[in-house]
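Subject: Structure handover

Hello,

Please find the structure below, with the sequence beside it. My notes on what was found in it follow.

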Amino acid sequence: MAHAQITDDGLLHDAIGAPDALHLSGSVRTRFEAIDGQYREDSVNRDQVLALRTTLFAEYDTGPVRLGAEFHDARAYLQRRGSSVGTDVVNALEFSQYYLQGDLGQALGAGSETHIKAGRMTMQIGSERLVARQGFRTSVTSFTGVRLIREGDDGRQFVAFWTMPTVRLPTGTRAIRRNRPQWDRENTDLQLFGAFNRTPVGRGVMLEGYAYGLIERGESQADRSDRRLFTPGFRVFRKPDTGLAFELEGMAQFGEGRDGSPDSGKPVVPVSAYGAHGDVGYQFGGGWKPRLSVFLDYYTGNRREGRIGRFDTLYGARRFEFGPTELFGAADRSNMVSPGTRLTASPVQGVSLMTDYRLLRLDSATDRFSNSDVRDGTGRSGRNAGHQVQVQVEYDVIPKVVALDLGFARLFKGRFLRDAPNAPDPRDVNYGYASMMFSF
């Protein structure tokens, strides 16, 4: 369901008679997922997982200063040996946030609100394609550092931040299967920083510009590499209640990195990569409020030795654009050219429907496809990765308290995912999930 940060008071606040200055809320989500077929090289063809997520948020507002913390417990059960379940699902007994926030009011201009937050926090910026608080994923990514936000009544927003993204633990297969608690960590070997600005340009159109930097000093771990990336970009969009809607976002990426872990033996080489998303649609009025749109996603891949051309999505979210993640999640913002169409509607109060179709093609025939590890270094398997369709139904059983989320996705494999040298079972991939969340 929604992936916004927890801010509103819930049932817990009223149940214990908490004062207005103390904000309390929480949630418990249970989701069962199953997959038949596989696009990964070394994962089982049939898998399942029962993912449980519990959150508890508290914030005390003294006026100019706020103290906040969020507890997050993410666990997985029933998965099979050889499962792809990792720290995107399992992150037991963790504090995803603990921070101090200073509210500066209109210190940076009349008609604006400014605050500075320091500590461990979650972030979602702009389109959330590069920095996001993931909502579908069972675990979340936290950032420890400092962030300044200035907001205006007309939708203006300026954000500047320096953070150390947390490394989710544990990483060992046995520890993940046992849901072993281990504190996440952060240090200056991994830094994310940047600035973002959004401003209205007239007729409901908003313009965003941003620049993010990432510094990662490699360690002798499989999940860490050497990266020094600079990612500038822009986004222009219009999303009215009814009428023509559109969005265009372009991103570039420069710097240097290692295409693998430090112990892979690969050298650090220059990075030159690009990404873009565009869509245009029409939001109809009426009872169902249907919205029909067409879109195109383009993200570069590696084309030659001695240079990295595969786009890095940093800490972006994927569910809202590419379908369910965790056991599924074949599509990512790398080495992909993907046009498609999407339809959303709300036939009755509290019910939302979404279905979409996308063609999946490789930008580079010699690089691995998107989020998979399937690759044909000769390029002879072509660029056709296949087609993907998905359907999602969301129902507010009790508004703001109980929510049901059901989804199905199918990946019809193309020639590349069937014929590449390390391609898994050539059968198509079917995936489904059922989720129930109780908010309090």
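The count of salt bridges comes to 32, where a salt bridge is a side-chain nitrogen of Lys or Arg within 4 Å of a carboxyl oxygen of Asp or Glu. This is a predicted model, in which local features need pLDDT of at least 70 and side-chain atom pairs count only at pLDDT 80 or more, while totals for chains, interfaces and linings use all residues. Residues are numbered from 1 along each chain as its sequence is written, and side-chain values use heavy atoms, with hydrogens and water left out.

Helices and strands below are DSSP runs numbered from the N terminus (helices: H or I, at least four residues; strands: E, at least two). Buried means under 20% relative accessible area, exposed means over 50%, and partly exposed is in between (1.4 Å probe, protein chains only).

Arginine 129 pairs with glutamate 321, and their closest N and O atoms are 2.6 Å apart. The two residues come from distant parts of the chain, 192 residues apart: arginine 129 is in the loop between β5 and β6 (143-152), and glutamate 321 is in helix α3 (residues 319-322). Arginine 129 is buried at a relative accessible area of 2%, and glutamate 321 is buried at 3%.

Aspartate 312 forms a salt bridge with arginine 227, with 2.5 Å between the closest N and O atoms. Aspartate 312 lies in the loop between β13 (291-299) and α3, and arginine 227 in strand β10 (residues 227-238), so this pair ties together parts that are 85 residues apart in sequence. Both aspartate 312 and arginine 227 are buried.

Aspartate 419 and arginine 415 also form a salt bridge, their closest N and O atoms being 3.9 Å apart. They are separated by about one helical turn, because they are four residues apart in helix α4 (residues 415-419). Aspartate 419 is partly exposed, at 48% relative accessibility, and arginine 415 is partly exposed at 45%.

A network

Which residues are linked in a network of salt bridges? They are Arg129, Arg198, Glu208, Arg235, Glu247, Glu249, Glu321 and Arg333.

A residue in strand β5

Threonine 114 is in strand β5 (residues 112-121). Threonine 114 is buried, with a relative accessible area of 2%. Leaving aside residues up to four places away in sequence, threonine 114 touches Gly102, Asp103, Leu104, Gly105, Leu108, Leu148, Ile149 and Arg150; contact means heavy atoms within 4.5 Å.

Regards
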